[in-house]
Amino acid sequence: MTQDAYITRKAKLYIQNNKIPFHDFFRNCIFGFIETEKNRGFFVHLQLGQNKEPFFFECKCRDAHKGILCEHVLALHFTARNWPHKQEWRHVSFENYALLKMFKDAPHKVLKQEFTSESNPKLDISAIQSHARFASYLFNHESPQAQRDNKAFLRATFLERSEDERVMIHSGVPSKKCFFEQSMLYRVAKMAFFLEQKDALTIDLDWGQDHHIDFRLLCEGRPFFSWTMGVDVFLKGTQTNLPFWSKYLDINHVPTAIPTVYSIAFSPQGDLMIRPGFGQHSFMGLEEVEQTGHYLYCREFGYFQTQIGLSEFELTYSSVPETIIPRKKIPAFLKKHQNVIQNLERTFIDKSLFGSILLTEVNRLDITLNDYQNRAFQAEITITIKDQRIHFADLKQLLSDQLNTRYWNIKNRFFDAKTPDGHYLKALLVNVENSFMPVQTLFQSIFHFQSRLFVQTNTLTDASYQRMKSMQMENYPDLEPASLNLRPYQSSGYRWLWFLRCYGLGGLLCDQMGLGKTHQGMALLTAVKQEKGSLRALVVAPRSVLFHWQEKLQAFCPNLSVSLFYGQGRSIQVSFKSDIVLTSYGTLRSDAEAIQMKHFDILLMDEIQNAKNAKTATFASLRGLHADCRVGLTGTPIENRVSELKSLFDLTIPGYLGDSATFRELYELPITKFKSREALNQLKQLVAPFILRRSKDEVLLDLPEKIEDLKPFSLTSIEREWYTTLKKEGKKGIFGEERISALHVFQLINKLKRLCCHPALHFGSDDYAKYPCQKWDLFISILKEALDNKVKVVIFTQYLGMIDLFKKYLEHHQIGYACITGSTRNRQQEQNRFQTDPSCRVFIGTIGAAGVGIDLTAATLLIHYDRWWNPAREEQATDRIHRIGQKQSVQIVKFMALDTIEERIDTLINRKKSLLKDVVGFDPEDAVKHLTTEELLEILT
Ligand SMILES: [Zn+2]
């Protein structure tokens, strides 16, 4: 870097860092204070010739003494160059420039003013009525930091004045130039130029009429300039430098913008009027505000600007003094702008006004029950919204053509139907016909409106209503003809079902496996026959338990005729003459149309979770059936998906949980997405009366003990080797892909599981003795011991290949067995053989086919050869031997190969199970469905 460049750089740093806090000029001499430390430093001078480059400078630094243009002088030079209109200073002296600046763009109006200075008492000068440009120049300058230094000034005058001039001043006859330089005009001109030197300048503001301001510039107390300008021009100018102006601004000046607020009100004709305006406590329309330039004026705020948001609503309605929305278009208007308006409302809009237009709540619901017949109350309903009481019939009339719109126009107010209350009002309007209110609608109202509901009864209805509320009947049909021998909890289940049936309701009987849901269902069927003398009932069950039902009905309800509507050659004419028709879900699907023509007293849907998906044909065919009372039976009813609960309710109490969109908005989204406890509790409260679930722990204190026995073991070394290789290769394949595929992870997990079960299974062999297998050896030793002790054994697996290995072993050792897999035709026969034939020692089955709907209580040992993903399914399978009828304590054996996939799955499923229970409170039906890819990968680690 050359020395010049180095000095230039340093000089620029002085400018950048504001190290020349003060500078001034006299004629062609600039001088400035170089600040070296805080408030300390020295002056430098730079003398310019007209139309010349700098020719003389003074600085105390060493460079300057050597005649080098130092960084201090250079910095001063840059400062001068930065003065406004830098083009001009080269051609005129600074003082001329200052004057020029003031007078140049000459004034339209020139005022003559008497002006005096100390040296010359009488001086006529012209002053200008200035204009906006000068004002803005004036406004935009900053206030000074440093005081003028007299010595520096004298030095400058010395440098610039000739010897002759000095003599003349001394003798009292100054030159014309000197005389002028002493005048006030000159001084003001300079001050105006810098404004830093404004001490001599004072400003006098007078807030005049018509949004104009009288601005007077006083020089040492005497008026110098005066001009009148628009308030907006003045305010705009001062905004950039408010601190400077603040002492002059003894006015209510509001530099910040004021938000527009809106008045929304009804006209006498019922139209909606929107008026933009202002105000914090009271509304002020635009017409009450005066507009001047960029500013608005009103008494409350003084001068201000408006603040308008960018929403369509604000852009449309903020500038028009009044907009009328015709009555008919109000709902559409609200729908479009409601969100914006409600956001405005929080801060700006007149709340009470707006709140009275759009209503979201029912304040009170009065129901007078006049009569009860045919499972419905004849009721008189009055709805109170805000302060308005509306009779139900009037409301129905009023809403007849707008029930499906979002905003209901109710006497010039609008009720938002997309609110919880809106949804329930709608249900009420749809379900109550000719003033007949179905019991389930009354139930809905009770649970939804709670303390806002007021029910009145009379002698005709009081008993029915009380029974309904307590869910207890006074009398229950005698079940004598059947030989059900209900246990106490089964009796109460039956009474609950009977109550539901009497009031035209439905429900979900969800007792834990093995508690005899079938028995309670049979009790209900018997009761209806007893009361009516006839019975038309349909029982829909999975194919695998159809015969189980048939057998049970024949055994326990000999007075009821049963026919099976299933298989080839089935006939509606023949089958549907019986009291009870049994059919499978599959058959129902194919013959739905015909069966839906029938009307049933009772519809029993066994294992109703089969229809949990509302998009399936199974669901649709069940939904289309006609029955007075619809009951679902299941051991695991309430799944981890709230929507599935909804499906089950749609099948048992249609309409009770509202339409799907409503349900999703009120419950499903808040619960699943936002984990809303409130919504969850509301839903629980709503469904609780119609779900009956008892666990074994609660009711079966006398059921024999169940001992769970987890058998951890280690793979043999050769198995370990295969396992490690398989895992390594598999993982390479998975992680080699661009995106990790859950399916491939699953495949690998399954392969590893199979290897843990038996290497023969993995290698596709049927020779169980060919490969070493730790699990198999352990299994055989347990099996042998049990058989030696005359214990019957149930073995579950999920792999057909394992079934083959078991069979081969049992046949080889001549052990009698029964077996049920998905392809077994006669399940009942297999079950019976195992239950009754002493030589049939072992039961083998796949968990999918044999895990539900059969009794295997002859066994007291159950072996889960491999682990099922789903703990609930495993439990169900366990319940095959641990159920009513079991007299002895049972042992459940599960295996777990240590440090393998089996151990990981065990941990993960347990964790998942408790997590789901914590969050949702529902039993996880199929936890594996909710495993993420990450969790699957975790299993593989
Ligand atoms: Zn210097």
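Predicted model: local features only at pLDDT ≥ 70, side-chain atom pairs only at ≥ 80, totals over all residues.
Residues are numbered from 1 along each chain as its sequence is written, and side-chain values use heavy atoms, with hydrogens and water left out.

**Stop 1: the zinc ion**

Select the zinc ion together with Cys 59, Cys 61, Cys 70 and His 72. Donors here are N, O and S atoms within 2.8 Å of the metal (3.2 Å for Na, K and Ca); water is not among the atoms, so sites may look incomplete. Along the sequence, the donor residues follow the spacing C-x1-C-x8-C-x1-H.

Next, colour by secondary structure; helices (H or I, at least four residues) and strands (E, at least two) are DSSP runs, numbered from the N terminus. Cys 61 is in the loop between strand S4 (54–58) and helix H2 (62–65), while His 72 is in helix H3 (residues 71–81), so this pair ties together parts that are 11 residues apart in sequence.

Are these two buried or exposed? Cys 61 has 15% relative accessibility and counts as buried; His 72, at 7%, counts as buried too. Buried means under 20% relative accessible area, exposed over 50%, and partly exposed in between (1.4 Å probe, protein chains only).

**Stop 2: a run of phenylalanines**

Now select Phe 565 and Phe 576, an edge-to-face aromatic pair with 5.3 Å centre to centre and 75° between the planes. Rings of Phe, Tyr and Trp (its six-membered ring) pair if their centres lie within 6.5 Å; planes under 30 degrees apart count as stacked, over 60 as edge-to-face and the rest as tilted. Both Phe 565 and Phe 576 are buried.

Phe 576 sits in the loop between H23 and S29, and Phe 600 in strand S30 (residues 599–606), 24 residues apart.

Then show Arg 570, whose charged end sits over the ring of Phe 565, 5.6 Å from its centre.

**Stop 3: a ring cluster**

Finally, look for a cluster linked by ring pairs, whose members include Tyr 372, Phe 443, Tyr 503 and Phe 690.

Notes: Lys NZ or Arg CZ within 6 Å of the ring centre and 35° of its normal.
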